[in-house]
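Work through these exercises with the coordinates open. Try each task before reading its solution.

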Amino acid sequence: MNRSQAKLTQGIDWPIVGLYLALVIIGIMSIFAAEYRGDDNVWQNIIHLNKNYSRQIMWLGVSVVLASIIWLTDSKFFTATSNLLYAGGLLLLLLVLAIGKDVKGSHSWLVVGGFQFQPAELTKLCTNLALAKYLSSQETDFTKLRSRLIAGAIALIPAAIIILQDETGLALVYFSFFLVMFREGLPGVLLIIAFSGIVLVLSALLVDKYILFTIFSVITALVIYFMRREIKRKRSRLLIILGVYAFCSVFVMFVVPFAFTKVLKDYQVRRIEVMLGKENDPKATYNTRQSMIAIGSGGFWGKGYLKGTQTRYDFVPEQSTDFIFCTVGEDFGFIGSIVFLGLYVALLFRIIFVAERQRSTYSRVYAYGVASIIFFHLAINVSMTIGLAPVIGIPLPLVSYGGSSMMTFTMLIFIMLRLDADRQMVLR
């Protein structure tokens, strides 16, 4: 390597680049395994872009170009344009509502020159940049409620628009930004409140609401009785107890039923009820059952590459996208799946290591945002394929087929690498 080449690649974090390439290659191999048939003319398919694996190779080429452009860009460009890119992302989401195309039940796609893409994917990048910009601002005091509400709004406004596009799965990913906020000082008590909210939702789905109301009433009466002396000394405690009681009662009696009848689609409700064991609809469980059969059939060592039967003969729907993990499970078994997931774990830990060595708050927040987005996608997608979460259509980062997803994750990672290469600078 000559001196000019060494200068060009100076500062790049090669472990992350290596893990990125490993996951992308595994993704293309898995898509190929799901689609390949013995009489296929592979080169013909690649040249004419007839198959998903051939198109994924094309998207990899586009992503490499994007990564190269990002690497040659000054880091200050990202800090200077963060808010502008966020505004542009919101405009794209609103444009989808007006002229978007329906694809598989969601109104979240734009068609440009024969290609279709999901602005909801790209807006994750824009939101991460905007959140990093806001939290690194000298005017932001994140100990104040106002600053926390603004940061929350930056994350949730895109999610609200995406829900209007019937793309609830991707909207959930925007909650990953709250993990970043916890790293930056959001109180842990809010995490307890969020967990309590999840417990309330599950309780409302599994237990009759009138029984829950009775349970809440009894618990509240007991708490008031045993805390009667403290309440006499400080009346405000009674108001807090009654306030919590009223909130929990209204939440399970009205809010959850309203969400499940007016907000979520029928098929989404069915999938959640199936996951909780409240419904045994063969149609609603078909995708997950076939995915679990495919993963289980791989056994300990797997059937071998291109030897899977469940995945190669179209038993598993959405094989190249949402359920790509079961191809890995069937072909390479338990051991292969552990190694595969180990690559993601290594990538996440490396990103966190990179985040913690930043001098700039902007770079640190951005890197934690990348880790949080990847973690949410990974956890939800894998849980989906093994029946631990409802099927909500979230791709596996860098592995599932899809140009929008591939380019977004590439840009997320390489902007982080660009910022890391300039970590001695204090960016705002």
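**Exercise 1.** Which helices each supply at least two residues of the nonpolar patch?

Solution. Bear in mind that this is a predicted model. Start with the members: Ile198, Leu202, Leu206, Val207, Ile211, Ile215, Ile219 and Val223 form a nonpolar patch on the surface. Together they have about 640 Å² of accessible area. Now assign helices. Helix H10 (188-206) and helix H11 (209-226) each give at least two residues. H11 provides the largest share, 4 residues.

**Exercise 2.** Classify Ile215: buried, partly exposed or exposed?

Solution. Locate Ile215 in helix H11. Take its relative accessible area, 38%. Buried needs under 20% and exposed needs over 50%. Ile215 is therefore partly exposed.

**Exercise 3.** Classify the geometry of the aromatic pair Tyr20 and Phe414.

Solution. The structure holds 14 aromatic pairs. For Tyr20 and Phe414, the centres are 5.4 Å apart and the planes make 85 degrees. The cut-offs are within 6.5 Å for pairing and over 60 degrees for edge-to-face. The pair is edge-to-face. Finally, check burial. Tyr20 is buried at 3% relative accessibility, and Phe414 is buried at 10%.

**Exercise 4.** Over which ring does the charged end of Arg228 sit?

Solution. The ring belongs to Tyr225, and the charged end of Arg228 is 4.3 Å from its centre. Repeat for Arg148: its charged end sits over the ring of Phe142, 6.0 Å from the centre.

Key:
Residues numbered from 1 in each chain as written. Predicted model: local features only at pLDDT ≥ 70, side-chain atom pairs only at ≥ 80, totals over all residues. Heavy atoms only, no water. Phe/Tyr/Trp six-rings, centres within 6.5 Å; stacked < 30°, edge-to-face > 60°. Buried < 20%, exposed > 50% of the residue type's maximum accessible area, 1.4 Å probe, protein only. Lys NZ or Arg CZ within 6 Å of the ring centre and 35° of its normal. Patch = residues over 30% accessible without salt bridge, like charges linked within 9 Å, V, L, I, M, F, W, Y side chains within 5 Å. Areas by Shrake-Rupley, 256 points an atom, 1.4 Å probe, with all protein chains shown as cover. Salt bridge = Lys/Arg side-chain N within 4 Å of Asp/Glu carboxyl O.
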